[in-house]
Amino acid sequence: MKRLQKKYSNWKIADYIGTSRRRIVFLLLAVFAVYPFIVSNYFVDVGFYFGVYALLGLSLNIVLGEVGLFDLGHAGFYAIGAYVTAILNTKLGIPILVLLPVSALAAALFAYIVCSPIIHLRGDYLCIVTIGLGEIVRLALINNPFDLTGGPNGVFGLDYPTFGGPFVIDSPVEFYFLIWIMVALSIVGLTRLQESRIGRAWNCIREDEIAAGANGINVRFYKLLAFVLGAALAGVAGNIYASKLMCVSPESFTFWESCLLFCIVLIGGMGSIPGVLIGAAFISLFPEIFRPFAMYRMLVFGMVMILMMMYRPGGVWPRKRGGIEFGSILSPTRKAHE
Amino acid sequence: MDHRDSQRVVMETRELTKMFGGLTAVDTFDLQVRQGEISSLIGPNGAGKTTVFNIVTGIYKPERGQVIFHGTDITGKRPDQIVEEGIARTFQNIRLFPNMTCLENIMAGQHCRASSGLWSSIFRTRRHREEEAKIRATAELRVRQVGLWESRDDLAKNIAYGSQRMLEIGRALGTEPSLLVLDEPSSGLNAGETEHLMHFLKTLIREEDLTILLIEHDMNVVMGISDRVTVMDQGGKIAEGRPEEIYDNDRVIEAYLGKNDDDGDA
Amino acid sequence: MGVVFEQLINGLTIGSFYALIALGYSMVYGVLKLINFAHGDMFALGSYVGYTVLVFGSALLASHFGLWGGMIVVMIIAAICLAVVGIVVERAAYRPIYPAGRLPAVVSALGASIVLQNLIMIFWGPRYQAYPAAMIPNVHLHLWGIHITLLQVVILLLSFLLMTILYWIIQRTTFGAAIRASALDRDTAALMGINFNKVIFFIFTLGPALGAMTGVMVGMYYRQISFTMGWNYGLKAFTATILGGIGNLPGAMFGGLILGVLEMFGAAYISAAWKDVFVFVILILVLIFRPTGLFGEKIAEKV
C-alpha cells in the first residue's frame, strides 16, 4: 500500500488537466463516455463499428505503420479470431469473454506459423503473399473443412459475451463500451510500445532494414513480433465483432476488408495512433454520413480517397517526431520537450 | 610505439574468400587489426574493401575463410549478433534513419545493450524505466560527443552532410563497440570537416578502449592517423605495413595508377 | 488423355486472359512501382463497353463483319475507349501522387478502383449482364477425340498474337528498350534522354487496351459479366505478375499461363472449391524458394 501511495503521490489531477492537450483528451473521453446515452441505438451501433475499425486499424498500424510492412491480408487474422470464437462458443459452449484471449492467441499463433517462412521477403513480394494468405483463410472458411466453419453461410447462434457468470453484455451500449475499453487499453499499450526500445526498433526497420541490423536489431524477430502482436489485436476485434453479430460469415473478411484497413492506416497517418483513430472514423462514418447519396456514396468515397492522398499524403494526423509525442499525456511526471 | 607488433590482435580474417557468381570479389584475404590502433584498408575502387567489411559485419557469408574477433569465430553470424559481440560500422553511402531525430538515431544504437521486452515496455516496469533513462543518457552523451547537441531533436534527413557522417559515427558508438569499422568516413567532407574527423578519431582512440578500422581514399587521412595500412587490389592483399612504408611501395603506386596525395577527396 | 488435353486448352485459355491482364500490371508496376488496382476494373470496363457495342450495334456488326469480324471490331472499339480511360486515370489519380511515394499511391489506386467499379455499377446496373448469344460464335470442334470450341482456338490465337506483338515491341524495338530501362532505373533512364512521358503514355494506353480486348474475349467466352469481375481477375492477374517476377513482361505472360493451367488442373484433380487455395499455396511456395519470382533476377542490393 505504501509503495502504491508513493508511486501515485506524484500524480496530481492538476498534472492531468494541466496542458491544453490534456484538456482535449479529457474532453474527448467525456464525449465518448456520454455519447451512447444521448443517441439512438442505431447510432450507438455506428459507434460500435467505429470502435471495431479503430481496433483493427491499430492492429494493422503495428505492422504497416510502425514497421512499414505491406500487409494486405490482415483481414485473415481478424477472421481467425472471429471464427475461433464462433466455433468454440457454439460447439463447446465456452463463454465469449473467456474466448477473447483464446482468439487473440489463436490469431497470434497462426501469424507466427505462416509468417515465419515468408518474413524475409522484400516489400512488394511480401505484399502479394499477405494477399494470398488472406485469401487462403477466406477460401478455406468458405469450403467448410471438417464441417467446422459452416461454409458460405458461416456460423451462427453465438451467445452474448459473458465470463460464464451473471455478468452479461447484451445491449448496444454495453457492446459499445466493451469495444472502446479494448481500444483504450490498446492505445495505452501501443503508445508505451512506441516509446520503448521495441517501438524504436520497429521504426528503425521501417526506415532502413540493413542499417537496423547493422546497429544490433534482430530484424527478423521484430518483424515477426509485429505480425504476431497485430494478429492478436485483430483476433480480439474478431471476437467482439462476432459476438455482437452473433454470427460470422466469410463475407466480412474479404480482400476488400484488408484494403479498407490499409486505407485506415494510410489516410490517418502511418505510425500515428490519433491518425489511425481518424482514419477509422473516416472509413466507418463516411458511409453513414453520406447515406443520402445512396448509389453514389461509394463513388464519392473513392474520389475522396484519391483527393486525400493528393493533398495529405502523409495522412490526416501524421506521426510527430522531435516534438511532443502523444504519449506524454499518459505519464504526467515525464517532461514534454516543448 | 615499438611494442605495436606484439599488441593483441582483436580482429583477424583468415583466408577470407567471397564470390559473386563467377566474380571473386575477395580472394584468400588475411587481415589483422590490433588493439588500440587505427588501421586503414585502402585500394582502388572495386578492390573488394567494402565486401570485406560486409563479411566482417555479417551482411555476407564468405565462401571460405573465417573472421575471428577477440578469439571467437564470428563468421556467418547475423549482423545484429556481431554488433552484440562488439563490432559497429558505418556505411559508404550514409545509412541513417532519416525520419527519426538525431538523438533517436543514436538511441537505436543502444538497442542491443538493453533488454526490456514486451511486458516491461507495456507495463513500464522499473527495470524498463531505468533502462530507458540509461539509453537516453548514453545517447545524449554520444550526441554531445559528436558535436550535434543543438541538432539532437532535428530529423536526421534535415541536417548537413558533414553532420550526418558524424551522426552515423555517433550511432555506431552508441552500440558500445570495441571495434569501430568505418567505410570511407571522410567521403564528401571538405578539408575542414576532414581535419575535424581526423582529430575526433585520434581523440577517440586515446580516450576510449576502442580500435578502429577504416576504408579510406583520402591519403591525407590515411597517412595522418593510421598506425597500420593494408592495401587491396582485385580482391587480394598486395601490401601491408606502416603508412610510410606503403607510401613508396611500387606495387601500391602501380595499383592506383598514379594516384598521389594531391587527390584529397575521393 | 484427351481429357487432359482439353483441360490444358481450358487452362491455357483462362491463362491467356490472366497473362494479358498481367501484362498491364507488370508494365505499370515495373516502371512506376505502383500496383495499379484500377487495372482490373479497366479490364471489366472493356468488357462492358464491348457488351454495349454488341447490344446496340448487333445488326450493323452482323451484316458488315459477320460474327468473327464483329468480335474483332468490338475488341478494337473497346481497346480505343479504354486507352483513353487509362490516360485519364493516370492523369487524375496517379500523376499528382507520384511525388508522395509508393504507399499513398496504393491508396489512390484503390480509390480509382472504387470509382471505376461504381461507375460501371451506376451505368450498367449491379446485376450480371449477358453477352448477346446471337453475336457469339458457337462452333464446336471435334479433333482426334478432343472436344473444344472454335472460340477457344481463336481466343488462344488472338492472345498469342497480342502477346507476341507486345513482346516484340518490348524486347526488339528501341522504345521497348526505353521502357525496360525506365523499369530498371528511372532516373538514369531520364538522364539518358528517355522521354518518360512517352513511356507513361504507352503503358497507360496499351495496358488498358490489352485489358479491354481481354474483357471482350472473356465476355464472349463466359457470356456473363459483372461489375465485380475486375477485382477477381485483377487479383489473379497480379498474382501472375509476381509469380513471373516483377517488371518482367515475358515473366508475366508465362506467369499468367502457368496460373491458368494450375488453376484448371487444381480444379479438375484436387477440387473445384479449393482450386484458388491451391494456386495461392503454389505462389507462396515459389516465393519462398525463389524470392524474386520464377523468372525474376536476383538483384543484389549494394550496401
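User: In this predicted model, which residue stands opposite C:L141 in β3(C)?

Analyst: Start with the strands: β2 (residues 140-143) of chain C and β3 (residues 146-149) of chain C run antiparallel, joined by 4 bridges. C:L141 belongs to that pairing, and across from it in β3(C) you'll find C:I148.

User: What do β2(C) and β3(C) form, and which residue in the turn has a positive phi?

Analyst: The two strands make a hairpin, with 2 residues between them. Most residues other than glycine have a negative phi. In this turn, the one with a positive phi, about 50°, is C:W144.

User: How far apart in space are C:Y25 and C:A240, C-alpha to C-alpha?

Analyst: In sequence the two are 215 residues apart. C:Y25 also touches C:A237, C:F238 and C:T241, among others. As for C:A240 itself, its C-alpha and that of C:Y25 are separated by 9.5 Å.

User: Which element gives the most to the side of chain C that touches chain A?

Analyst: The contact draws 35 residues from chain C and 33 residues from chain A. On the chain C side, α3 (102-124), α8 (229-244) and α10 (275-289) each supply at least two residues. With 13 residues, the top contributor is α3(C).

User: How many residues on the side of chain C that touches chain A are nonpolar?

Analyst: Chain C brings 35 residues to its contact with chain A. Sorting them by class, you get 1 charged and 5 polar, and the nonpolar count is 29.

User: Over to chain B. What radius of gyration does it have, and what would a compact globule have?

Analyst: Chain B spans about 65 × 40 × 40 Å along the principal axes of its C-alpha trace. For 266 residues, a compact globule would come out near 18 Å, and the chain agrees with that at 19 Å.

User: What share of the contacts in chain B between residues at least 6 apart in sequence join residues at least 24 apart?

Analyst: For background, chain B has 10 helices and 10 strands, and 44% of its 266 residues count as buried. Of the contacts you're asking about, the share joining residues at least 24 apart is 69%.

User: Where in chain B does pLDDT stay under 50?

Analyst: The chain averages a pLDDT of 89, and 94% of its residues score at least 70. Where pLDDT is low, the predicted coordinates should not be read in detail. In chain B the stretch under 50, for which the model has 2 contacts beyond four places in sequence, is residues 1-5.

User: Which element supplies the largest share of the side of domain 1 of chain B that touches domain 2 of chain B?

Analyst: Chain B splits into domain 1 (1-86 + 177-266) and domain 2 (97-175), with C-alpha centres 26 Å apart. Their contact takes 10 residues from domain 1 and 7 residues from domain 2. On the domain 1 side, α2 (79-85) and β7 (179-183) of chain B each give two or more residues. The largest share, 3 residues, is from α2(B).

User: In the open sheet of 4 strands in chain B, which strands stand at the edges?

Analyst: The order is β2-β1-β4-β5 (chain B), with antiparallel pairing.

User: What is the bridge partner of B:M19 in β2(B)?

Analyst: Strand β1 (residues 9-20) of chain B runs antiparallel to β2(B), and 8 bridges join the two. For B:M19, the partner in β2(B) is B:T24.

User: What phi does B:E15 have?

Analyst: B:E15 sits in strand β1 of chain B. It counts as partly exposed, with 13 C-beta neighbours inside 10 Å. Its phi is positive even though the residue isn't glycine, at near 50°.

User: Where does B:R124 lie?

Analyst: B:R124 isn't a glycine, yet it has a positive phi of about 45°. With 17 C-beta neighbours inside 10 Å, B:R124 counts as partly exposed. Its place is the loop between α4 (118-123) and α5 (126-145) of chain B.

Definitions and conventions:
Residues are numbered from 1 along each chain as its sequence is written. Chains are lettered from A and ligands numbered from 1 in the order in which they are written. This is a predicted model: local features need pLDDT of at least 70, side-chain atom pairs count only at pLDDT 80 or more; totals for chains, interfaces and linings use all residues. The radius of gyration is taken over C-alpha atoms; the globule rule is 2.2 Å times the number of residues to the power 0.38. A residue is buried if 20 or more other C-beta atoms lie within 10 Å of its own, exposed if 12 or fewer, and partly exposed in between; C-beta atoms are placed from the backbone. Ala, Val, Leu, Ile, Met, Phe, Trp, Tyr, Cys and Pro count as nonpolar, Asp, Glu, Lys and Arg as charged, and the others, Gly among them, as polar. pLDDT is the predictor's confidence in each residue, from 0 to 100. Domain bounds come from an automatic or database domain assignment. Two strands pair if DSSP finds at least two bridges between them.
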